[in-house]
Amino acid sequence: MNTLLIAGEWVAGDRTVEVRNPYTGEVVGEAGVADADQVRTAFRAAHAYRPRLTAFDRSEILIEAAAGIEADADGFAESICLESGLARKDADREVGRALALLRVCAEEAKRIHGEAIPTDVTAARLRRTAVTRRDPVGVVAAITPFNRPLNQAANKVGPAIAAGNRVVLKPSEKTPLTAVRFVRCLLDAGLPAPMLTLLTGTPEETGEALITSDLIDMVTFTGSAAVGRHIASTIGMCRSTYELGDSGALIVLDDADLPSAARAAAAGAFATSGQSCRGVKRILVHEGVAKEFVELLREQAASLVVGDPRNPGTDVGTLIDEAAALVVQERVQEAVRSGARLVHGGRREGAQFWPTVLDEVPHHIPLVREETFGPCAPVIRVSGLDEAIAITNGTRYGLQAGLFTERLSAVRQAMDELEVGAVIVNDGPQFDSPNIPFGGVKDSGVGREGVRFAIHEMTTLRTLIL
C-alpha cells in the first residue's frame, strides 16, 4: 500500500518501516519512508497549489468526512487497536471524539470573519474604516504523536482545512496506518488531493527534512517538550503551536466527593493505557481524607480488565511498545525505593503495564515531576490547597489541572494561583471539548487548540483601510 500522498498522487517510499502490534508483536502493516527529495517535492507542490473551495465547500467536505468515518467506525477502531495497542473501548471513544471534532470544524468553517473598525478615535479625527478579514496562513505542517492515531490527526487537519489551508501531515512512524485511512476518507469526501499531503516516515529522515523546509508557513506539533524545543529552534521565523504534555495534577480537598474524585482519578490515569497528555499524572490529596480516597482508587484500579486490546471486555491495553513500559516500570520501582507505598499493580509483561496505585509518593521524584506515559495513579498527601498549589506549580509543565471541592473560595484561589492553561472543577485534567481552548503554559506548549481557537492560530489577520 502506498502511504505517501504527494502532489495529489499516492506514491511509495524507497524503503518502508514495519508497523507492529504492541500486544502480539506481529507486523500489521508497512509505511513508506519519505526521503528528503520527496519532502521537498511535497512542499513545492503544496506551496504552489491554490485552493478554490468556499467556506460552504469546506464545511460540506468535513461533514462528509465525518460521515465516512462513522460508516467505517469499526475499521478505524480496529486500525487503532492493531497499531497502537489501545483497548477497543479507548479506540471507540477516539473515533467518537474525531467525529465530534470534525463536525464542529464544519460549523466553524462558516464562522471565520473579520470586523469593521473606525479610525476617528484620536485627536487627528481620521474618518477612515479599517476592514479586517482572516485569510488562510498557507502551508501548515502538522506533526502528530502515536497516542491517539486518529484524533490527533483530526485535531490538526480539521481546523486547518476549515480555515482553507494546505496541510502537510506527518504522523508518528509508530502509528501511521490510521492516518492513511483518515486521509483517504477526506479525499473520498471531496477534498482536492493537492490540498492535503501525507508524509509517513521516521523523525530522523522525514521529520528533519520536513522542519527544515523553507516553504512552511506554520508548524503545529504535539509531542515531547524536547522535540518541541528542537523544532522551534529549527524552523526560525515561522508561526507555530506546540502541545507538549503535562505532569497533570488532580487536587482532592477534604470536602470533596471522594467516590466521584476516585472515579475521575482512575479515568484520567488509566484510560488510553495512561498515554494521554492531559491525563492524571499525580493526585494531590488532603491528608485527612487520603486513606479513604486511596482505598476507593484501589478498588477502581482492581476492577479494570487488562488483556488483549481487541477483546471488547478489555479496559486497559498495552503501551506503545515494551521500551515505553520499561520506563514506567523503572519509575514506579524508583518511587517505591524513595518511600512510596505500592497499593496496587506494578506488574509488567512486554508492552503491557497493569493499572498501578501508589500512596505517600514524594513530590520531587521523576514519576510525578516528569510526564510518565503509563497507567499510574500516584497519590501525594498534602496539608491543604496552599501546599497542593505549590507542588503543582513546582514542575516545568502547566497544561490542565483538576480540583475536587465544594468551596467557591478554593476554586477562586486555584484559578488565580495555579500555573496551568485550564482548571477543571470536580473533574480530572482529562476533560476536553472540541469547542473550548486547549493548551498550556511553560513547557506544556505555546498557542491554543480547540477548533475555533486553532482556526485563529491557522489564519492571518489582514486589514484594508477604506
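Arg 111 is partly exposed, its relative accessible area being 46%. The model in which this value was computed is a predicted one. The side chain of Arg 111 forms a salt bridge with Glu 108, and the closest N and O atoms are 3.1 Å apart. Glu 108, in turn, is buried, with a relative accessible area of 11%.

A salt bridge also joins the side chains of Arg 133 and Asp 135, at 2.9 Å from N to O. Here Arg 133 is partly exposed, with a relative accessible area of 47%, whereas Asp 135 has a relative accessibility of 14% and therefore counts as buried, the limit being under 20%. The total for the model is 31 salt bridges.

## A salt bridge between distant parts of the chain

Arg 407 and Asp 254 form a salt bridge in which the closest N and O atoms are 3.2 Å apart. This pair links distant parts of the chain, 153 residues apart. Arg 407 lies in the loop between strand S19 (400-404) and helix H14 (408-417), while Asp 254 lies in the loop between strand S12 (249-252) and helix H9 (258-270). Arg 407 is partly exposed, with a relative accessible area of 35%, and Asp 254 is likewise partly exposed, at 40%.

Salt bridges with shared partners also connect Arg 229, Glu 370, Arg 396 and Asp 443 in one network.

## A buried arginine without a salt bridge

Which side chain of opposite charge is nearest to Arg 148? It is Glu 94, at a distance of 5.4 Å. A salt bridge requires a nitrogen-to-oxygen approach within 4 Å, and Arg 148 has no salt bridge although the residue is buried.

Arg 148 is placed in the loop between strand S7 (139-143) and helix H5 (151-162). When neighbours within four places in sequence are set aside, the contacts of Arg 148 are Glu 94, Arg 97, Ala 153, Thr 272 and Ser 276. Glu 94 is thus in contact with Arg 148 without a salt bridge being formed by Arg 148.

Thr 272, one of the contacts of Arg 148, has a phi near 55°, a positive value in a residue other than glycine. The position of Thr 272 is in the loop between H9 and strand S13 (282-286). With a relative accessibility of 6%, Thr 272 counts as buried.

Ser 273 is found in the loop between H9 and S13. Its phi is near 55°, again positive in a residue other than glycine. The relative accessibility of Ser 273 is 0%, so this residue counts as buried.

## The aromatic pair

A pair of aromatic rings is described by the distance of the centres and the angle of the planes. The model contains 1 aromatic pair. The ring centres of Phe 146 and Phe 373 are 6.1 Å apart and the planes stand at 90°, so the pair is edge-to-face.

Phe 146 is in the loop between S7 and H5, and Phe 373 is in the loop between helix H12 (366-369) and strand S18 (376-382); the pair therefore ties together parts that are 227 residues apart in sequence. Phe 146 counts as buried, at 17% relative accessibility.

## Surroundings of Phe 431

Leaving aside neighbours within four places in sequence, Phe 431 is in contact with Arg 278, Gln 400, Ile 424 and Ile 436. From C-alpha to C-alpha, Phe 431 and Asp 35 are 38 Å apart in space, and their separation in sequence is 396 residues.

## An open antiparallel sheet

How many strands form the open sheet that contains S6? There are 3, in the order S5-S6-S22, and the pairing is antiparallel. Strand S5 (116-118) and strand S22 (459-465) are the edge strands, each pairing on one side only. From one strand to the next, the twist averages 30°.

S5 is joined to strand S6 (residues 129-136) by 3 bridges, and these two strands run antiparallel. Ile 117 stands opposite Ala 130 in S6.

Conventions: Residues numbered from 1 in each chain as written. Predicted model: local features only at pLDDT ≥ 70, side-chain atom pairs only at ≥ 80, totals over all residues. Heavy atoms only, no water. Helix = DSSP H or I, 4+ residues; strand = E, 2+ residues; numbered from the N terminus. Buried < 20%, exposed > 50% of the residue type's maximum accessible area, 1.4 Å probe, protein only. Lys, Arg positive; Asp, Glu negative; His and termini not counted. Contact = heavy atoms within 4.5 Å. Pairing = 2+ DSSP bridges. Axes fitted to C-alpha atoms, helices over the stretch in contact; angles between N-to-C directions. Phe/Tyr/Trp six-rings, centres within 6.5 Å; stacked < 30°, edge-to-face > 60°.
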